[in-house]
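User: Hi, could you walk me through this structure slowly? I am new to this.
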Amino acid sequence: MKPGKSTCKYLKEIRRKIAEENGIALYMPECTHQGPCAGTCPQCEHEVMQLETELARRSTLGKAATIAGIAVTLATPAAAQVKDCDNSHKVNAQTATAAPNINLQDTIRVQGLVPRRTIVPDTIFALRGKIIDEKTEEEIPFVNVTIRDKEGKILTGTQSDLSGEFTFKTLPQGATQIVFKFVGYTPTEVPLLDNEENHLPITIKMKQSSSNLIIDEIIETRMFGILEPAILDDFGQTFEKDGVKVKVIY
Amino acid sequence: MKAPFIGISRHRISIDGEGVTTLAAFHGCPLRCKYCLNAQCFDNEERFPSYSPEELYQKVGIDNLYFIATGGGVCFGGGEPLLRVDFIKAFRQLCGQDWKLTIETSLNVPAQHVEAIATIADDFIIDIKDTNPAIYHAYTGRNNALVMDNLSRLIQLKGTDHITIRIPLIPNYNTAADCDLSEQLIRQMGITHFDRFEYVIRETKPHLPECL
């Protein structure tokens, strides 16, 4: 089994054990992804968030959580995590030690969306979720998140944090939709519903709007080994790089 | 207070000690090891993201359950983490005692940094390179007087159970016999946890620039 897959399997077992020890009914579909795996993906991250949310909820109700050390005895995957280096050497596979410069956003694509939460009118409950880019699956911070009534009137609002996450401790009466807005992305509206699993976090995928700047070309330089991207707009015109934040270069 | 990081690596299993760990690698190092695995820590720090202790805590906190369930936590490396003791101290105040904090260091720093970190971090992984001063200087460009003094100091402050010494076999710089001598010397100081490994030189093709 490849390192990424074995890591994923191990972490999944930890999640399963935490859920079992704490009596949490956690939906954990089997991963059918074929191909390279970084050891985690949006579905895996979603399961962790579900566990965190449920354990936090139980903590507010005075219920103790069983977590510490419960996975210490689980068999760990093989330690052979050899990383190819840019320099002229590699570490022996028996004792890999290097600090790899891994892109935290390297994940696999997950088919399908996480379940939507539903509400019944006049019910007040907490809402929590994460906002990611539909294409890159990167978290998007500082997204404007507003709760609105059926007429579209804003009842309350917040902003996603550096991890792309947002929370509402309570929801006002009459809340029927949640709207997500951020520069460069198409505004996203999600109806609010309700069911018994109303503490499950949601994942929102926002789509970049068509008027975005496109990184269309990379011009490689040999000065200090730094790649200088050329940023072009939809019409092929070059933009100055000052003030433009380049998050990902593929 | 912000610090530049050359990388954050999640889901490291049994690499930085027990449990699931996240490695947070600082920019900047006083050494210039010929085969440094993270040579980007010598680059201009402006090209790397900087985080405050609060931002880093938020970033790595997604793996909180794994840390607690497996006895893991965060390993600070780099670069040289003992140049950022104030940062690590502030981070510890945020994460409390639930997460294990491990330091991966060369110990080639002023003594006060070692004294300060001893009460903050749980475990230490020390890459000693070689105890022979000539070999050490040839490989790193610095002398190792501080290293051995700091190791003695750390043993006094922390005991030997929480210290692991890494001894690399470095082609063209030391030999297996040199490594044996290093281990023998350090065992006499009371250390019992060692990680012996070997660098393997790999030939690389010259990278020719493409015509633009």
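User: In chain B, what share of the contacts with a separation of 6 or more comes from residues 24 or more positions apart?
Analyst: In chain B, residues 24 or more positions apart account for 73% of the contacts with a separation of 6 or more, where two residues are in contact if their C-beta atoms, placed from the backbone, lie within 7 Å. Please keep in mind that this is a predicted model, in which local features need pLDDT of at least 70, side-chain atom pairs count only at pLDDT 80 or more, and totals for chains, interfaces and linings use all residues. Residues are numbered from 1 along each chain as its sequence is written, while chains are lettered from A and ligands numbered from 1 in the order in which they are written.
User: And how many helices and strands does chain B have?
Analyst: Chain B has 7 helices and 8 strands, taken as DSSP runs numbered from the N terminus (helices are H or I with at least four residues, strands are E with at least two).
User: Why does B:H137 count as partly exposed?
Analyst: B:H137, which is found in helix α5 (residues 133–140) of chain B, counts as partly exposed because it has 14 C-beta neighbours inside 10 Å. A residue is buried if 20 or more other C-beta atoms lie within 10 Å of its own, exposed if 12 or fewer, and partly exposed in between, with C-beta atoms placed from the backbone.
User: Which residues does B:H137 touch, leaving out those up to four places away in sequence?
Analyst: With those left out, B:H137 touches B:R142 and B:N143.
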